[in-house]
Amino acid sequence: MAGSRKQTPDGMGDRLFAGMAAERRVLRELEAVFEAAGYRQVRTPGLEYLSVFESKAAYFPEEELYKLADAGGRLLAVRPDNTIPVVRLAATKLQGGGLPLKLYYEQNVFRRQPEHRGRHTETMQAGVECIGEAGFASDVEIIELAARSLAASYAGQFRIEIGHVGLYKELVRRLGLDEAARERIHSYVTSKNYAALEEALDDAADREAGALLLKLPGLFGAGEALDEAQALFAGAGEEIGQMLRYLKQVTSELSARGFGDQVMLDLGLVNQAEYYSSLVFRGYGESAGEPLLSGGRYDTLFRDFGEDLPATGFGINVDLLTEAALRAEEQGAGPAGSGEGDAGTRAEAKPLRVALTKGRLEKDFSDLMERAGYDVSPLREKGRRLLMPIPGAGIEIFLAKAPDVVTYVEHGVCDIGIVGKDTMLEQGGTYYEIMDLGIGGCRFALAAPKGSRVLCGEAPTSVATKYPEFAARHFERLGLDVRIIRIDGSVEIAPLLGLADAIVDIVETGTTLKENGLEVAGTIREISARLIVNVTGMKLRKAEIEAFAARLKAAGENG
């Protein structure tokens, strides 16, 4: 189309002079670290046969792949991952070579993202793969290399968190769900969409395993996280006990090597690719709303290519490091790893920014903060302002519409969000859900006109709603074939006009329903306001965020 000639596809973009210079500096810094550790550079093609990424071990969600056909009609995939092609290369071109093979790469990956969510579909990655080495020493060395790589190339404070994917895999095995349900759970866990995960686990045969799986995301931090996990998993089996002891051994060794402040635990860590077999880790930075680095051990992936070799590695998002370098230059900070420019103290000086849903939740939350001892006069007397500092608290309140609260938190421009569970269930997103605030209470309900067959217990055939994603999942779980019609305005009118025979909406008192001739046919689930936290913010500002949440919790319990 002529209109698109001057545009780049959603999630892709151009990089100009200063950006290219910063990217080259970042890559040179990473190359120096990689080559000093004995790694040699390789490159793989941008297109691979689709089958390369389709095995169970290498599973990638179908909707994230860019696909096309070659001249012979064979399906190809634009490279969505760098580890799998490097494994293919090592199993073919380097077969029979001396071990260990230490390889590094610098090349783009392409993954489809939800449109207009601000996520990149094209990402420059640099990473390493250590092939042919297994065991404790290899695991410690790869995490140490990851920490040294970020220290050399990232202009800011960072932290690496490690976990064991075996915990997740063992709990999922115990759930007794079919493959499709397991794939949905994996996608919810990797995206940290815990609202949808909670729904999916309702069908689990092993309720105890489901409850433990929901608790995993909250088990992160220093030694206290491991102590809590060992208590939580007491009696869960020797295999899980061994995993926890191994994590303690790894973190202790890294601390002894001087990385105690940079390395912590995250027992809910599950990387997107399913080829990881045991130890996994991610790196987070103060100025990035998503992980800087991701990696782990994948001892079974080579079997897809006719070999049986242990391997481990990691990939770094070079685009995020480049953006951080540009910001540091603009702020007059020193280069990455120099210690100049107060990179390690900026996070502590910055106020916690809280995105608050406008309207009913705005008043309820202001009352809660006031009971917690905060001066909320800026909120009470805000006028037309949208960003209000709370005096003496190191907190800023930002007012936004409910769906935007999730977006601001997900991208890291706000550390904390106050939003209804209804929005979370509909929109999803990547964040931590920390607590139920006990305010904004209402319920999701199915409603229909008085005297209708739906009120007599028959299933609806068509439903109008402002929450099409949630409604679709609800009726799918019930095994019902229901046509979902999205309505952005007053949904109560849809049955009266004959557009649908029922609605799914949030109900507080039911007055609006009655005034429009509708009655509740059934409650789907209770709703209240939740406190959500950006993933990176929770890693780097855990103490501040937990102190704020604890103060609100105490105020709610005493109110």
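User: What makes Glu170 and Arg173 a salt bridge?
Analyst: This is a predicted model. A salt bridge needs a side-chain nitrogen of Lys or Arg within 4 Å of a carboxyl oxygen of Asp or Glu. The N to O value for Glu170 and Arg173 is 2.7 Å, so the pair qualifies. Both residues lie in helix 4, 3 residues apart, about one turn of the helix.

User: Why is Glu170 called buried, and why is Arg173 called exposed?
Analyst: Buried means under 20% relative accessible area, and exposed means over 50%. Glu170 has 9%, so it is buried. Arg173 has 59%, so it is exposed.

User: How do you know that Asp415 and Arg541 form a salt bridge?
Analyst: Their N to O value is 3.7 Å, and the cut-off is within 4 Å, so the pair counts. Asp415 lies in the loop between helix 14 and strand 16, and Arg541 in the loop between helix 19 and helix 20, so the pair ties together parts that are 126 residues apart in sequence. Asp415, at 7%, is buried. Arg541, at 4%, is buried too.

User: Why is Glu433 called partly exposed?
Analyst: Its relative accessibility is 23%, between the 20% and 50% limits, so the label is partly exposed. Glu433 pairs with Lys421 in a salt bridge of 2.8 Å, N to O. Lys421 is buried, at 0%.

Definitions and conventions:
Residues are numbered from 1 along each chain as its sequence is written. This is a predicted model: local features need pLDDT of at least 70, side-chain atom pairs count only at pLDDT 80 or more; totals for chains, interfaces and linings use all residues. Side-chain values use heavy atoms; hydrogens and water are left out. Helices (H or I, at least four residues) and strands (E, at least two) are DSSP runs, numbered from the N terminus. Buried means under 20% relative accessible area, exposed over 50%, partly exposed in between (1.4 Å probe, protein chains only).
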